[in-house]
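Work through the two exercises below with the model in view, and follow each solution step by step.

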Amino acid sequence: MLALVTSLALLQQAAPASAAPASAVVAAPANQELNVLHWWTSSGERAAADLVAARMAEQGLRWVDGAVAGGGGGGAIKVLNERTLRGQAPQVAQLNGQALREWAELGLLLRLDGVAQKRDWQRTLFPQVMSQLNVRDHVVAAPLGIHRINNLYINLAVFRQLKLEVPSDWAGVARAATALRAAGITPVGFSDEPWQVATVFEALLLGEAGPALYQRMVVQRDLQAFEDPALERAFRRLREWRNWAASASSGGGSNAPANPGERRWTDLVADFAAGRSAMLISGDWVRGELGMLGLEGGNDFDCKAVPGTAQAHLFSIDTLAMLAGDNSRQAAQEKMAELLGSATLQISYNRIKGSVPVRRDVPVDELDICAQRSYRLFANPATPRVPSLVHRMAFDEVGKNAFIETVHRFALDPNQTPAAAQKRLQALLRALGPRSLKATP
């Protein structure tokens, strides 16, 4: 990864900024067109991106779309690498967490210190957000929203119909799953797509380990922390959750192996919205999609925390980086960055996307009840805010991908024990060494 990004840095310095594709030719001057590479392709994500594009147009800027499908962002990062190597880098790219840091440290990103100072981001943004934007004392990206990962979604219509109690712990979840299957409803939505499996797992790990131990694992990279029995329990919990994804028509009991397949996360949301499944663990991008389907948080669905994580906020932060080029579009890039951090756009964008604003000075009562809970929890100084490993807030790409692969292999192999999976993960992390486990300070 380091060699690849180094090559990107050298080629980026030598290559001119890419021209807008023919399909993007409009009346606006070329230096006001910004090609934006991202992975927001669901209905909710697309609507949020379209809103940003509309606000840009009001300021004379044109969003030239470069969407790459894939909820985990892996495909988009590969396309970004390839385009940059060809000398056709976009002017703007979705780069989060450690990926953002890697590109910035090699001088590939435009510094936005002037924008941050002009708009007083140091005062208006949450400190955790500013920490993500800063690399070597320079602001290198513009923030969009904060996602909470450790959400347990409950289809309230289904629970009301069956007169089920909304669970507050794992015993309640198990009771509900048994009753749902008996009623012919698949208890939980689950996909075997690697990033989705690992997203569920890190939320379960937070519940089993607690914030302090989770921080030792993910932030401090303490390899001894991975010897704790909580890790084995999290693997066991993952298998249990996946088995509840077995459909009622499969005829299996609670121990029947599930075979969900690698379904898109939007398909899981559609099943949940239609009542074909009743519980779902995922990030709050799900809320954006449910909103597009006409469902309202607190009325049609509840957004509880994964059991054991109610007081913690497992977060990821969406950011757009401005790629350095020949400076011909720097003014447009800075103008876009300024817009992204504005209070007005923060409210309107995050209301659609399902995330919450990065600013400390916005009227959150305009958001739905689920977003208000997430925002106020994140804003509370006493809240343990823990970074998502799967969504690039902690390990670099090599370490993240290795973690995801290990968890994914366990999920698909019913013969691998939780204890064996724990040992495999420990060995893998030791082999990677400290460089691949480097986290944002």
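**Exercise 1: the largest pocket**

The largest pocket has a volume of about 380 Å³. The model is a predicted one, in which local features need pLDDT of at least 70 and side-chain atom pairs count only at pLDDT 80 or more, while totals for chains, interfaces and linings use all residues. Residues are numbered from 1 along each chain as its sequence is written, and side-chain values use heavy atoms, with hydrogens and water left out.

Task: find which residues lie nearest the centre of the largest pocket, and how its lining divides by class.

Solution. Begin with the lining, which consists of 21 residues, and note that Gly74, Arg392, Glu397, Lys400 and Asn401 lie nearest the centre. Then sort the lining by class, which gives six nonpolar, nine polar and six charged residues; here Ala, Val, Leu, Ile, Met, Phe, Trp, Tyr, Cys and Pro count as nonpolar, Asp, Glu, Lys and Arg as charged, and the others, Gly among them, as polar.

**Exercise 2: the disulfide**

Task: determine which cysteines form a disulfide (a pair of cysteine sulfur atoms within 2.5 Å), and whether they are buried or exposed.

Solution. First, a search of the whole structure finds one disulfide, formed by Cys303 and Cys370, whose sulfur atoms are 1.8 Å apart. Next, consider the torsion about the S-S bond of Cys303 and Cys370, which is about -105°, so the disulfide is left-handed. Finally, both Cys303 and Cys370 are buried, where buried means under 20% relative accessible area, exposed over 50%, and partly exposed in between, with a 1.4 Å probe and protein chains only.

Note on methods
Disulfide = S-S within 2.5 Å. 1 Å grid on protein atoms, 1.4 Å probe; cavity = no way out; pocket = protein on both sides within 12 Å on 5 of 7 lines; lining within 4 Å. Points joined across faces, edges and corners; volume = space filled by probe spheres on them.
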